[in-house]
2 protein chains.
Amino acid sequence: MPDLSLYLVTDRRLSLGRSTVDIVRAAVAGGVTCVQLREKECSTRQFVTEARAVRELLAGTGIPLIINDRLDVALAVGADGVHLGQTDMLIADARRLVGTDMLIGISAECVDDAVRAQAEGADYVGISPVFATPTKTDTAPALGLDGVALIRAAVSLPLVGIGGIGPGNATEVIRAGCDGVAVVSAIISAPDPKRAAAELKTIIRRAKEHP
Amino acid sequence: MPDLSLYLVTDRRLSLGRSTVDIVRAAVAGGVTCVQLREKECSTRQFVTEARAVRELLAGTGIPLIINDRLDVALAVGADGVHLGQTDMLIADARRLVGTDMLIGISAECVDDAVRAQAEGADYVGISPVFATPTKTDTAPALGLDGVALIRAAVSLPLVGIGGIGPGNATEVIRAGCDGVAVVSAIISAPDPKRAAAELKTIIRRAKEHP
């Protein structure tokens with residue numbers, strides 16, 4: 001399993017006009033350990049082009065490229081994984097298509113989602129929203145740290161918390177049981193994405209060293 | 001190559017509240033020879049569920065199921081083909097993923113698009129819009145029958161005309177060089193989709209018998 005400790009999720013709408021490739025480059029320089037491309041509004045062709053550019057950027061770094069929802073894009077560019085929400089393809093269908101060549105991550109909003117994802121063969125679980133967040137408006141109520149701890153107790157898979165996480169609260173998310181934190185706006189909307197990533201990286205490393 | 005002579009393209013927004021599966025069932029009873037599912041607004045999970053239902057409906061009929069744009073959905077349900085527009089995945093990427101197991105159809109709006117599609121290994125070309133149409137609002141100027149004839153002269157692949165085609169003009173589209181006509185609203189918005197399909201089927205058969 002790759003290092004999911006600082007997991008970047010992209011969103012071109014929140015990138016303040018900067019290209020996703022530029023944001024990813026800066027975030028990688030700052031220390032992100034995993035990159036998920038999430039594109040809900042561009043054409044398939046644009047998504048493939050962008051994913052291929054990020055794939056090349058990450059080549060040789062050991063940082064996995066995960067594609068949100070679109071298994072076709074993931075297959076086309078040879079991504080390392082696909083991340084599936086509760087309205088995306090079912091794990092069983094996805095696993096049949098990618099075998100064990102790709103990681104499959106699943107979004108979970110409650111203990112039941114996470115337990116089911118583990119039973120169905122997910123490789124890791126993204127749990128959300130940990131805190132209330134303006135990035136996504138169609139989400140379930142916030143899990144809070146207690147909710148994170150409940151999911152941690154219920155599944156053994158790697159857990160990545162997402163939703164409203166930044167430098168001020170990343171430490172407690174790790175201490176509540178997450179193996180990593182996923183961020184969107186904390187890096188991609190930052191004036192200096194490299195510096196924002198580096199700051200989070202330091203905080204997460206310290207939280208893991210002093211649990 | 002399957003029979004593309006009466007090629008149904010779905011669009012849930014134009015189905016007058018009837019389910020896509022019900023529309024396809026009626027259209028098949030009326031004689032459509034090919035079904036393309038086009039879903040631009042539903043989740044991947046809904047698209048897979050619907051495609052699988054149509055796949056089962058078509059099993060044993062010899063009528064191919066083509067999925068618009070989404071190669072992931074096509075692979076998940078074992079569709080017979082995928083139809084790619086000019087902003088969807090490039091043929092080269094798609095072919096690498098599906099080999100020769102699936103048909104690849106390409107949308108062309110001009111001679112150049114069609115010639116390129118043939119050179120790149122498409123199995124058939126959908127040429128559009130033949131006539132002005134309210135179904136799609138982001139299209140190029142209408143090809144007209146002269147445009148159809150120009151494309152017919154330039155490529156040897158099967159051609160399916162789409163855009164503004166109905167009982168009143170299907171004959172001339174076939175005579176101008178199309179191997180088949182694709183329709184959206186002429187069937188899915190019809191009060192009786194089975195009857196609308198049967199009427200078109202008769203017209204197309206006669207046009208092919210008396211070119």
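Colleague: Which residues of helix H5 in chain A are buried?

Modeller: Bear in mind that this is a predicted model. In H5(A), residues 111–119, the buried ones are A:Asp113, A:Ala114 and A:Ala117.

Colleague: And how big an arc do they cover around the axis?

Modeller: Only 95°, which puts them on the same side of H5(A). In general, an α-helix has 3.6 residues a turn, so residues three or four places apart point the same way.

Colleague: What does the face turned away from the buried side carry?

Modeller: That face of H5(A) has the exposed residues A:Asp112 and A:Ala119.

Colleague: OK, and what do the buried residues of H5(A) pack against?

Modeller: Four elements of chain A: helix H4 (91–98), strand E5 (103–108), strand E6 (124–127) and helix H6 (144–154).

Colleague: Which residue just after H5(A) takes a positive phi?

Modeller: A:Gly121, with a phi of about 100°.

Colleague: Switching to the pair of chains. What rotation superposes chain B on chain A?

Modeller: One of 180°, with 0.0 Å of shift along the axis and an RMSD of 0.0 Å. The two copies are thus related as by a two-fold rotation axis.

Colleague: Which C-alpha of chain B is nearest that axis?

Modeller: The one of B:Asp72, which is 2.3 Å from the axis. Both copies also use the same surface, as 100% of the contact residues of chain B recur in chain A.

Colleague: How many residues does each chain put into the contact?

Modeller: Chain B gives 21 residues and chain A gives 21 residues. The area buried between them is about 1,700 Å², and carbon and sulfur atoms give 51% of that.

Colleague: Which residues of chain B lose the most area to chain A?

Modeller: B:Arg45, B:Asp72 and B:Met89, together 32% of what that side buries.

Colleague: How many salt bridges across the interface?

Modeller: The rule finds four between chain B and chain A. One of the salt bridges joins B:Arg52 to A:Asp93, with the closest N and O atoms 2.8 Å apart. As for polar contacts, the count between the chains is 14 residue pairs.

Colleague: And which helices of chain B each supply at least two residues of the touching side?

Modeller: Helix H2 (44–58), helix H3 (71–77) and helix H4 (91–98) of chain B. The largest share, five residues, comes from H3(B).

Terms used. Residues are numbered from 1 along each chain as its sequence is written. Chains are lettered from A and ligands numbered from 1 in the order in which they are written. This is a predicted model: local features need pLDDT of at least 70, side-chain atom pairs count only at pLDDT 80 or more; totals for chains, interfaces and linings use all residues. Side-chain values use heavy atoms; hydrogens and water are left out. Copies are superposed by least squares on the C-alpha atoms of residues with pLDDT of at least 70 in both. Contact means heavy atoms within 4.5 Å. Buried means under 20% relative accessible area, exposed over 50%, partly exposed in between (1.4 Å probe, protein chains only). The arc is that of the directions from the helix axis to the C-beta atoms. Buried area is the accessible area (1.4 Å probe) that two parts lose on being put together, summed over both. A salt bridge is a side-chain nitrogen of Lys or Arg within 4 Å of a carboxyl oxygen of Asp or Glu. A polar contact is a pair of N or O atoms within 3.5 Å; within protein, one must be able to donate a hydrogen and the other to accept it, and residues adjacent in sequence count only if both atoms are side-chain atoms.
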